Amino acid sequence: MRISTKVLWLGAMCLGSWITPSMAMVPQEKLAAESDTLEKNTQAEALLPYLPEVEEIGPNPSVPEALLKERFAKLEKEIPLRYHKSSHEFVEYFIYKKAEFTQTMMERMPLYFPLFEKALQKHGLPTELKYLSMIESGLNPTIISHARAGGLWQFMPATGREFGLYQDKYIDERFEPAKATEAACQYLAQLYRIFGDWELALASYNTGPGNVKRAMRRSRGTTFWTIYNVLPKETRSYVPQYVAMNYMMNFGYDHGIYPRNTEFQIPNDTIHINGYIDLAAFCQQSSINFEDLKKLNPQITKTILPDQTRDFVLKVPSVQYTYFVSNRNTIMDSCTRRFTAAGLLIAKVDSTKVDSLGANPSFPYALASNSTSSDDEEEDEMEEAPVSSNKTKKSSHTVRRGENLGAIARKYHVSVAELRRWNHIRRNDIRRGQRLAIYKEVKVAAPAKTTTRVALASYRAEEQPARKDRHIRKRYHTVQKGDTLWIISQRYGLEIGQLKKRNRIRGNSIKPGQKLIISS
């Protein structure tokens, strides 16, 4: 989905090659690469060019106008499918110039359409909106546009956060098909409530409701076609592209275009992850194809999940799941951290979550201490102090009349995204009397000259040497694009004033790459 005024993005990969249209286009951009970053499928994605001049159809188009009008009328349900020269042009464009892209869309339909249809029905939206993702992303869940819009529904980072899509260095839920589709349904429903017209709502999804309202004021028009000439050029072509794609997915066979390698969802089971895991090592030990794991979990942007991971649902192929269950301890010993930097063993944790079989507890290892530095933190000067560690404490909150997630998050100094994740809330809806789980880190003091030991479930413990550690580390956060002082303060349970005082910040300005002291 796009709020900025850039062109539409369409992924068109087929047999490993890309067709590059002859008209002007904006190049795709990769995620900033790091050594442990999964490579997103954004290489030279073929983009749909601007709408060709309608005169190019000529007096004798290959597809008769009368035939298109008749078929558009048959296909039309809740969303109007009006005949227009521009939609005619795009039908021929998808038949002759972009036949390979059209074929790829046919092949990917079974992979995503059941998910789309279920979500659209849940929200009471027209099921034919499922074709919109083809125009947005070419049904590529990990595509990133030059403007940084991402995923099947092309959410910009800020808009994604607004609709509950969590994003950090390791997880980007814009790439998670189910959650991104849920967010897209919420946004499309919101746009329809604003305009009461599906063609205007679609145009708004591309360019933003503000631009559509300005076009309506300038033209004094009240429909998409009466404001057509004052819309941004790429938005003018957006609705006709949608109409043409709807047509091609229903009548492509009549034009000699067929799917050859149809894609389906990999049957899968789930494991709940708490704490660090090396996914490459996990796949190697579990005999899981790493590419299959990436396809099942496109929201993971690196080859690891960090120490602070809590209740992450990892999908694994069902074929290898039984083997994993039978060899769980051995596999997890090979891909998780036994020791923290403070010398504490990693412990088995109790959890209310269960994995797919229900016979085993959730992921059996989690940090006994969360005092180690993450990738956003680094060591600074060591200070003399008694040994201390952080412990995650669970509490609950009973929703009262009039409360919402934002108010509850502020009360407990956590983020709304964390509340949703802890309680598996997909939308913002909560009800009176509902009990919400809250997780907070609390410091646990220990005698300076003792060593904390925690038993590992599958660990046949050899006597470990006692260790004295009289130092604690400062914790840092590296500012990411889109971060604000409020977001950072909510993440770490701080007051904004505390954060500013520790880092000697006078105003509210911070910049990407800046390191902020979180605790000392």
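**Reading the features**

Author: Val319, Thr322 and Ser326 are exposed, and they sit on the face of α13 turned away from its buried side. Buried means under 20% relative accessible area, exposed over 50%, and partly exposed in between (1.4 Å probe, protein chains only). Helices (H or I, at least four residues) and strands (E, at least two) are DSSP runs, numbered from the N terminus. This is a predicted model: local features need pLDDT of at least 70, side-chain atom pairs count only at pLDDT 80 or more, and totals for chains, interfaces and linings use all residues. Residues are numbered from 1 along each chain as its sequence is written, and side-chain values use heavy atoms, with hydrogens and water left out.

Reader: Which residues of helix α13 are buried?

Author: Start with the general idea. An α-helix has 3.6 residues a turn, so residues three or four places apart point the same way. Now the case. In α13, residues 318–326, the buried ones are Gln320, Tyr321 and Phe324. They cover an arc of only 120 degrees around the axis, so they lie on the same side of α13. The arc is that of the directions from the helix axis to the C-beta atoms.

Reader: What covers the buried residues of α13?

Author: The cover includes β3, α11 (279–286), β6 (312–317) and α14 (328–335).

Reader: Stay with β3. Where is Asn274?

Author: Asn274 is in the loop between β3 (268–273) and β4 (277–278). Asn274 has a relative accessible area of 6%, so it is buried. The side chain of Asn274 reaches the backbone nitrogen of Asp311 at 2.8 Å. A polar contact is a pair of N or O atoms within 3.5 Å; within protein, one must be able to donate a hydrogen and the other to accept it, and residues adjacent in sequence count only if both atoms are side-chain atoms.

Reader: Which backbone oxygens lie 3.0 Å and 3.1 Å from a polar atom of the side chain of Gln167?

Author: That of Pro157 lies at 3.0 Å. That of Leu165 lies at 3.1 Å. Gln167 is in the loop between α5 and α6 (177–195), and it counts as buried because its relative accessibility is 15%. Leaving aside neighbours within four places in sequence, Gln167 is in contact (heavy atoms within 4.5 Å) with Pro157, Gly160, Arg161, Asp172 and Arg174.

Reader: Next, backbone angles. What is the phi of Leu139?

Author: Leu139 has a positive phi of about 55 degrees, although it is not a glycine. Gln154, also not a glycine, has a positive phi of about 50 degrees. Leu139 is in the loop between α4 (132–137) and α5 (157–162). Gln154 is in the loop between α4 and α5 too. Leu139 is buried at 1% relative accessibility. Gln154 is buried at 0%.

Reader: Now helix packing. At what angle do the axes of α1 and α10 cross?

Author: Axes are lines fitted to C-alpha atoms, for helices over the stretch in contact, and angles run from 0 to 180 degrees between N-to-C directions. The axes of α1 (65–75) and α10 (238–251) come within 11 Å and cross at roughly 85 degrees. That makes α1 roughly perpendicular to α10. Angles under 35 degrees count as roughly parallel, over 145 as roughly antiparallel, 65 to 115 as roughly perpendicular and the rest as oblique. From α1, the contact uses Leu68, Arg71, Phe72 and Leu75. From α10, it uses Val243, Asn246, Tyr247, Asn250 and Phe251.

Reader: How many helices and strands does the protein chain have?

Author: The protein chain has 18 helices and 12 strands. Buried residues make up 51% of its 520 residues.
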